[in-house]
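Reader: Here is a model I would like to go through term by term. Please set each label against its definition.

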Amino acid sequence: MEPYIIITDSAVDLSAEMAQELDLMIIPLTFTMAGKDYRNYLDEREMSTKEFYRRIRAGETATTAQINTMEFTEVFTPVLQSGTDILYIAFSSGLSGTYNAACLAAQELREKFPDRKIFVVDSRAASMGQGLLVYHTVRQKRSGYPIEEAARWVEEHRDSLCHWFTVDDLNHLKRGGRISSAAALFGTMLGIKPVLHVDDDGHLIPVEKVRGRRASLDALLSHMEQTITTPEEQVIFISHGDSLQDAQYVAEQCRSRFGVQDVILHEIGPVIGAHSGPGTIALFFLGTRK
């Protein structure tokens, strides 16, 4: 089997330690606050996640930028020169242009390196949903899958990778165009919390509205109950926007109600957090449908 490396981007929201244990190469996306650009490295070398959420809670806003074709070329070229093939698993094309930029870079590099293989796969996933898909792909690689089969595994299983989110502050959805200003105002007054998921095309879609924070967390678990497959064999991922206590509640429920094999928690990084805001809780697992 020809050697290959799995590459992804920092939208995966994995810890730097886990990315290293999985032998991943991570390309950082960029976010901007107060006119200054920061790279979203998983080791938080340019800004810690705690500092990011402190500034967001204080009223600052952040914008994000996709990885461009030149950046992909700069990352991919030395890997190919070393004689290693590439499987790049991209942040959802329904949420970012990063996948399309990677495809353009791969197309150019295939001409320069005709003996090398470059697979670019749209995860149609975000945050630790993308991270969970990558985690499972690494397991397939370690079990002996060649690069073609690993890429095919992603394409065949991404539509059963379930994402369920709830946000604590409707104003972040308003800024992202997900809800109107009036809906954000009245929803906030009434304590309404939306429950959202990522659909088969990788778009973030509102599904229902519930009243109260605990009810919104329980709604995530209810959706999980409806679709999860063989929970006792699954490692569940939960990401949170500086809301560890609520994430731990969801994790405890996953263990006690469904008997899952393990639960891994991590914070939502600045690139996703710029759009979802503090207090977001996201639950990821494999199910019968997305």
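Author: A crossover is right-handed if, with the strands pointing away from the viewer, the path from the first strand over the helix to the second runs clockwise. Helices (H or I, at least four residues) and strands (E, at least two) are DSSP runs, numbered from the N terminus. This is a predicted model, in which local features need pLDDT of at least 70 and side-chain atom pairs count only at pLDDT 80 or more, while totals for chains, interfaces and linings use all residues. Residues are numbered from 1 along each chain as its sequence is written, and side-chain values use heavy atoms, with hydrogens and water left out.

Reader: Which elements make the right-handed β-α-β unit?

Author: Strand E1, helix H1 (residues 16-21) and strand E2 make it.

Reader: What makes E1 and E2 (residues 25-27) a pair?

Author: Two strands pair if DSSP finds at least two bridges between them. E1 and E2 have three, in the parallel sense, with Ile7 opposite Met25.

Reader: Why is E1 (residues 4-9) called largely enclosed?

Author: Buried means under 20% relative accessible area, exposed over 50%, partly exposed in between (1.4 Å probe, protein chains only). Six of the six residues of E1 are buried, so the rest of the structure largely encloses the strand.

Reader: Why does Arg213 count as buried?

Author: Its relative accessibility is 17%, and the cut-off is under 20%.

Reader: How do you know that Arg213 forms a salt bridge with Asp246?

Author: The definition asks for a side-chain nitrogen of Lys or Arg within 4 Å of a carboxyl oxygen of Asp or Glu. The closest N and O atoms of Arg213 and Asp246 are 2.8 Å apart, so the pair qualifies.
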